[in-house]
Amino acid sequence: MNVLVTGGLGYIGSHTVVELVAAGYKPVIVDSLVNSNRGCLSRLHTITNSEIPFYHMDISDSTKMRQILSKEKITGVIHFAALKAVGESVAKPLSYYANNVSSTISFLEDLEHLGIRQVVFSSSATVYGNPKSVPISEDFEVHAINPYGKTKSIIEELGRDLCANDSPWAWVNLRYFNPIGAHESGLIGEDPKGIPNNLLPYIAKVAAGSLPELVVFGDDWPTIDGTGVRDYIHVVDLAKGHIEALRYMERNRGEVTVNLGTGSGVSVLELISAFEKASGRKVPYRIGPRRQGDIAECFADSTKALKILNWRAHFNLERMCQDSWRWQAQNQRGYE
Ligand code: NAD
Ligand code: WQD
């Protein structure tokens with residue numbers, strides 16, 4: 001099966017490409033490089049020992065997209081391509097609605113035109129907003145509190161509408177929790193442009209000495225040690241979830257929404273400590289004020305993923321930190 005991977009040179013997309021090849025699929029990558037680096041492609045060739053077709057383009061380029069979908073005989077899609085910085089989405093909502101929602105509509109019209117109706121969509125736990133309790137299950141109310149999260153909710157709904165009324169579409173919304181880690185080879189990993197927004201890449205840069213210290217956003221949350229609690233999941237486990245979603249769509253039509261998380265919460269201080277142990281480096285930090293829009297705790301009820309996709313996370317926090325550190329230590333300047 002030939003699978004189009006939009007955003008396939010990004011962090012999660014690149015790890016999923018590796019798992020696709022390992023599972024016998026033929027991935028084809030489309031990426032605008034708006035938040036990724038072409039250098040990732042040769043690393044993918046090395047890891048998979050295969051040539052992976054890559055098209056440098058925006059998914060909204062409908063003419064080119066239709067040519068590629070036909071030429072590459074695509075039958076299914078994993079749709080990662082999106083902008084993902086929460087703060088930037090608040091500052092530039094139009095860019096986020098245009099790049100994430102409008103481009104997706106154009107892309108879906110291309111798929112429909114060519115009769116390709118199997119989509120795995122990258123959604124996010126961010127759609128839950130501030131959840132009423134933890135763990136969070138898929139039937140919790142969706143209430144995104146920033147434009148980025150709203151773009152995810154809208155596309156999820158689009159998938160549901162496409163699947164309504166006995167339609168031929170199959171659509172899996174995967175709500176990721178907090179992906180960290182990297183491929184065990186140390187060849188691919190998260191390569192944020194500029195100063196990282198997310199906790200783990202920030203910790204990794206502090207451990208490596210390229211940033212002086214971490215600011216912990218509040219130690220007065222109602223959690224185990226006062227710092228924010230999240231469900232960190234190894235990116236390779238996450239990537240494997242997409243393979244199971246493709247297999248699910250081979251057997252089922254209609255829409256399904258599934259959390260991908262480990263089901264366990266880890267605090268900021270616990271993550272710092274695990275990273276120090278894995279790296280053998282100190283991670284200097286100080287406590288600062290809470291970050292606007294943050295929540296105390298967020299972790300998944302992951303029983304539906306096991307039931308529907310026969311998927312569960314396998315890698316523990318120690319392994320996540322070891323793999324993140326290997327990537328960071330071997331690639332101080334990312335893919336450059
Ligand atoms: P990423 O930025 O590393 O990857 C996204 C890729 O899409 C990039 O390579 C970028 O260049 C490309 N892209 C963006 N807009 C495009 C467009 N219009 N046309 C073509 N290519 C385009 O991000 P990631 O962490 O790999 O995330 C992948 C997906 O998972 C995104 O949809 C993101 O919103 C979602 N997600 C990420 C996280 C996370 O914490 N990393 C959590 C939940 C959901
Ligand atoms: C984790 C914890 C912070 C940085 C975000 C998006 C979400 C999803 C994943 C895409 C929190 C604390 C962080 C720092 C800190 N992305 N922290 N100092 O906020 O759970 O989720 O990324 O869909 O949409 O919102 O992840 O890594 O930013 O923060 O103390 O310098 O680390 O307060 O408790 P978050 P994060």
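Predicted model: local features only at pLDDT ≥ 70, side-chain atom pairs only at ≥ 80, totals over all residues.
I started at arginine 230: an N or O atom in its side chain sits 2.5 Å from an oxygen atom of ligand 2.

Next I looked up what else reaches the ligand's oxygens. Aspartate 294 has a side-chain N or O atom 2.5 Å from an oxygen atom of ligand 2, and for arginine 291 I got 2.9 Å from a polar side-chain atom to a ligand oxygen. Then I checked the cover: on its own ligand 2 exposes 690 Å², and the protein buries 87% of that.

Which residues come nearest to ligand 2? Out of 18 around it, I noted Ser124, Tyr148, Leu199, Arg230 and Asp294. By class I counted nine nonpolar, six polar and three charged residues in the shell. Strand S8, residues 214–217, gives the most to that shell, with four residues.

On to serine 122, which I found in strand S5 (residues 118–124). Is serine 122 buried or exposed? I get a relative accessible area of 4%, which is under the 20% cut-off, so serine 122 is buried. Its side chain makes a polar contact of 2.7 Å with that of tyrosine 176. Skipping neighbours within four places in sequence, I listed His79, Phe80, Lys152, Leu174 and Tyr176 as its contacts.

Last entry: helix H11, residues 317–330. I have 14 residues spanning 20 Å from first C-alpha to last, close to the 20 Å expected at 1.5 Å a residue. Buried in H11 are Met320, Cys321, Asp323, Ser324, Trp325, Trp327 and Gln328. I traced what the buried residues of H11 pack against: helices H2, H7 and H9, plus strands S7 and S10.

Note on methods
Residues numbered from 1 in each chain as written. Chains lettered and ligands numbered in written order. Heavy atoms only, no water. Helix = DSSP H or I, 4+ residues; strand = E, 2+ residues; numbered from the N terminus. Buried < 20%, exposed > 50% of the residue type's maximum accessible area, 1.4 Å probe, protein only. Polar contact = N/O pair within 3.5 Å; in protein donor to acceptor, adjacent residues only side chain to side chain. Contact = heavy atoms within 4.5 Å. Expected span 1.5 Å × (residues − 1). Near = heavy atom within 4 Å. Areas by Shrake-Rupley, 256 points an atom, 1.4 Å probe, with all protein chains shown as cover. Nonpolar A, V, L, I, M, F, W, Y, C, P; charged D, E, K, R; others polar.
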